[in-house]
Amino acid sequence: MDPVAGTAEHRGPVEVRARAPGKIILTGEHAVVHGSAAVAAAIDLYTNSSLLLRPAGPGEGGGAGSSAVELDLRDSGLTFSWPCSRLRGALGEEISANPGAPAPCSPDQLAAIARLLQDQDIPEAKIWLSAGLSAFLFLYTSILGCRPGKAVVSSDLPMGAGLGSSAAFCVSMSGALLTAAGAVSVGAHRGAEGWEVLEKGALELVNQWAFQGEKIIHGKPSGIDNSVSTFGKMIKFKKGELTNLESRNPVKMLITDTRVGRNTKALVAGVSERASRHPDAMASVFHAVNTISEELSSIVELVAEDEIAITSKEDKLAELMEMNQGLLQCMGVSHSSIETVLRTTLKYSLVSKLTGAGGGGCVLTLIPTCILFYIPWLHLFLHGFIQK
């Protein structure tokens with residue numbers, strides 16, 4: 001899988017395309033914010049960002065598309081536009097394009113961006129888009145300044161479902177913006193479907209910028225979502241340190257979308273508040289989650305040579321996932337819709353757990369290898385899977 005890629009540059013306008021995958025978390029969500037280890041994997045569902053960067057004209061300053069920054073959200077059917085003169089007037093000295101030096105959004109920048117959003121006609125039913133629009137304006141102006149351009153975003157990922165849609169947005173957008181700015185260049189290696197892959201150093205820069213965008217959207221993210229979206233495959237993540245995991249045997253997951261929306265920032269804050277009320281108890285919970293994640297990461301990398309070994313390995317993974325789900329319930333982030341999925345899959349002796357922030361969203365179900373021999377139609381439901 002190629003986490004971030006793309007670009008076609010020529011005289012005049014610059015055109016860039018980038019994509020980034022969504023993710024699932026096998027163990028460690030929420031606890032990872034408090035220093036525990038977590039294990040996550042990229043899935044074969046992507047967010048695509050394209051950018052047409054227009055040359056800055058000498059007479060720039062009106063509200064026409066050629067002298068504005070535009071964002072077209074194809075899946076929502078919404079388009080937003082900010083005249084470059086309006087951006088300069090609102091952000092003033094806060095605009096300082098420095099693509100090589102990722103920095104957090106200052107309170108003054110955030111306040112100025114909030115004022116810029118007041119000019120936009122955001123439907124009340126989609127007011128939750130405001131956080132993503134804020135992240136876009138911050139990333140765009142921090143990397144490119146006020147150069148006119150149009151970004152178009154589309155995604156395979158459901159919004160707010162725990163599959164890393166916001167991280168994939170920030171990663172793909174950061175990749176496109178940094179490539180257009182000339183801060184990163186694509187490598188000689190071509191990955192899947194002909195996409196050119198960024199070198200490791202370039203990916204690290206993309207990841208740092210995406211994390212700044214994620215902080216605007218989620219408040220206090222751990223960094224795991226943007227990391228797995230940037231680098232792909234399967235990782236163990238702890239206190240900002242990333243370890244690549246090699247799964248020698250395929251790990252198959254059924255992803256069920258409860259279609260219950262939730263607020264990630266509020267759920268993360270709720271766990272922190274519970275930890276402040278019960279520091280010792282929650283410290284024990286986080287320690288237990290860390291132990292589960294460490295053990296699971298070791299088991300994932302074991303090589304199982306025969307059917308008995310594969311079954312034993314999957315049984316251990318299922319037990320760890322089940323224990324992690326119980327601890328997530330202790331954190332207060334489960335939901336009746338999640339519990340319904342857990343009860344339903346348990347009828348078929350399958351283990352499930354929430355993935356992401358919880359409170360709705362998506363649920364993972366581990367699909368044992370042996371079951372696929374007896375229920376071939378189950379393949380039809382495996383619309384998401386962990387990369388090898």
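1. A crossing of two helices is left-handed if the near helix is turned anticlockwise from the far one by less than a right angle, and right-handed if clockwise. By that rule, α5 and α6 cross in a right-handed way. The model is predicted: local features need pLDDT of at least 70, side-chain atom pairs count only at pLDDT 80 or more, and totals for chains, interfaces and linings use all residues. Residues are numbered from 1 along each chain as its sequence is written, and side-chain values use heavy atoms, with hydrogens and water left out.

2. Helix α5 spans residues 200-218 and helix α6 residues 224-231; their axes come within 9 Å and cross at roughly 145 degrees. Axes are lines fitted to C-alpha atoms, for helices over the stretch in contact, with angles from 0 to 180 degrees between N-to-C directions. Helices (H or I, at least four residues) and strands (E, at least two) are DSSP runs, numbered from the N terminus.

3. On the α5 side, the contact (heavy atoms within 4.5 Å) includes Leu 203, Val 206 and Phe 211. Asp 225, Thr 230 and Phe 231 are among the α6 partners. The contact residues divide into five nonpolar, four polar and three charged.

4. Helices α2 (residues 107-117) and α3 (residues 129-144) have axes that come within 10 Å and cross at roughly 120 degrees. This crossing is right-handed. Gln 109, Ile 113, Leu 116 and Leu 117 of α2 meet α3 residues including Leu 133, Leu 137 and Phe 138.

5. The structure has four aromatic pairs. One of them joins Trp 82 and Phe 136, tilted, at 6.3 Å centre to centre and 35 degrees between the planes. Rings of Phe, Tyr and Trp (its six-membered ring) pair if their centres lie within 6.5 Å; planes under 30 degrees apart count as stacked, over 60 as edge-to-face and the rest as tilted. Trp 82 lies in strand β5 (residues 78-83) and Phe 136 in helix α3, so named parts 54 residues apart are linked.

Key. Ala, Val, Leu, Ile, Met, Phe, Trp, Tyr, Cys and Pro count as nonpolar, Asp, Glu, Lys and Arg as charged, and the others, Gly among them, as polar.
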